[in-house]
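Biologist: I would like a close look at one part of this model, and at the charged pairs in the rest of it. Please keep it plain.

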Amino acid sequence: MKRVYNFSAGPSCLPLEVLEKAGSEMVSYGDAGMSVMEMSHRSSYFDDILQAAKNLYRELMNVPDNYEILFLQGGASTQFAMIPLNLYSKTNKADFMITGSWAKKAYQESARYGEAKVIASSQDQTFSYIPKVDPKDFTPDADFFHICVNNTIYGTRFKPENIPDTGNVPLVGDMSSNILSEVYDVSKFGLIYAGAQKNMGPAGVTAVIIRKDLLGHAKDFTPTMLDYKIHADNDSCYNTPPCYSIYICKLVFEWVKANGGVAGMEAVNKEKAQKLYDFIDNSKLYKGTVVPEDRSLMNVPFITGSDELDALFVKESKKAGMENLKGHRSVGGMRASIYNAMPMAGIDTLIDFMQKFEKENA
C-alpha cells in the first residue's frame, strides 16, 4: 500500500490508526451487522457513537458544564449566518478582527443582519500578522466579538495567551484549522466553531461549543435549521446528522486522547512547526510569509521569490510523494499544512526534499 504525505489544508490527512480502525468496522460496526453508514440515527448503536463523541470532545477541550456541544452540517461557512441570526439579540452590534479570508466572510455575512464593526485588520500587509488591539476600541454593548483563531490560508494564529479579553461581550472563535492542536481556555469564549475536515475528521460535520445562556435568542425569521436551540434540544438529531463523519470524529478523539490529549498534540505540533520554520529561516532560497510571533502551528506558507521555481517545487514534490503543497490560489507559493495527523516523518521528508531542491536550484 502506497501512502503519500498529504499536506492539504483540508480535507486533510487523518491518523492512519483511525483509517485502519474505520476500515475494520466498515462492513459491520461491532455486532450491529451493518456499517455506520447504514444504521438509523435513532438507533441505540448510533446514539452510543454520538454520546461517546460528545463526551470525548468535552473531555479533550475541557468544556465547562455550562456549554452545549452540537454536531451540525453546512460547514463552518454556514456558521457565518447562524452566529448573527442567533447572537444578534440585544443591540444588533458585533465587532470583528479581519485577519484573513474567512474572518472577512464572517464579517460580511454578519453585516447583512446588523451593525458589524471592524476593530482591526491585517489586510494591508496580505494578512501576514495579527493586529494589536486596544480594548477601548471595542463596542461595549456588542452582542458578540468574532475572531478567526487560526488563518488557514495565510498561516497566522492567535496564541492562547493573546486571545482578546472582551469582558462581558461573548467572544466567538472560528477554530476550524487549529481545533485540538493546542490548549485554549474554552471559558474565554461564548462560542467556538470548527469544520471537522482539517484537524478533527472528514468533511460533513461542524462542531459547535456554545455557552447555554446564548441559546434561545434567535431572530424570529431564523430558519428552523439555523437555530442553535433547536439542535441543542434535539441532541444534534433534529434531522439526520452526518452520522459517518461523527463516527470518524469519535475515532479521532480516541486517538488524540491515547496520544496525550490536546496537551500531547501541542507538544508535538510545536516541535514539528519549529523544525520546519527553523529550516526556512536558515535557508537562502525559502522565505516565510508571516511575522514570526504570529506564525501558525498548523499552516506554514513559504515562497522562493520566483513563480517559476514555486511551480517547479510543487511539481517535483508531488513526484517525491508529497501532495497538496501548492499555496492557496489567492496567495501563491507553497503551504504545508501540518495538522495533528501529520507525523514527524512527514516533516523530515519535506525538509529533505527542500534541501535537495535548494541545492539544485540555488
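Biologist: Which does Ser44 count as, buried or exposed?

Modeller: Ser44 counts as exposed, at 52% relative accessibility. The cut-offs for relative accessible area are under 20% for buried, over 50% for exposed, and in between for partly exposed, with a 1.4 Å probe and protein chains only. This is a predicted model, in which local features need pLDDT of at least 70 and side-chain atom pairs count only at pLDDT 80 or more, while totals for chains, interfaces and linings use all residues. Residues are numbered from 1 along each chain as its sequence is written, and side-chain values use heavy atoms, with hydrogens and water left out.

Ser44 belongs to helix α2, which covers residues 44–61. Helices here are DSSP runs of H or I with at least four residues, strands are runs of E with at least two, and both are numbered from the N terminus. Between Ser44 and Glu68 there are 24 residues in sequence and 21 Å in space, C-alpha to C-alpha. Glu68 itself is linked with Lys54 and Asp235 in a network of salt bridges. A salt bridge means a side-chain nitrogen of Lys or Arg within 4 Å of a carboxyl oxygen of Asp or Glu. Side chains of opposite charge can pair when their charged atoms come close.

The structure holds 18 salt bridges. One of them joins the side chains of Glu182 and Arg157, at 2.7 Å from N to O. Glu182 sits in the loop between β8 (171–174) and β9 (191–195) and Arg157 in strand β7 (residues 156–157), so this pair ties together parts that are 25 residues apart in sequence. Glu182 and Arg157 are both buried.

Two further pairs each lie within a helix. Glu254 and Lys250 form a salt bridge whose closest N and O atoms are 2.8 Å apart. They are four residues apart in helix α6 (residues 243–258), and therefore separated by about one helical turn. Glu254 is partly exposed, with a relative accessible area of 33%, whereas Lys250 is buried, with a relative accessible area of 8%.

In the other pair, Lys319 bridges to Glu316, the closest N and O atoms being 3.5 Å apart. Here the residues are three apart in helix α8 (residues 307–319), so about one helical turn separates Lys319 from Glu316. Lys319 counts as exposed, at 60% relative accessibility, and Glu316 as partly exposed, at 27%.
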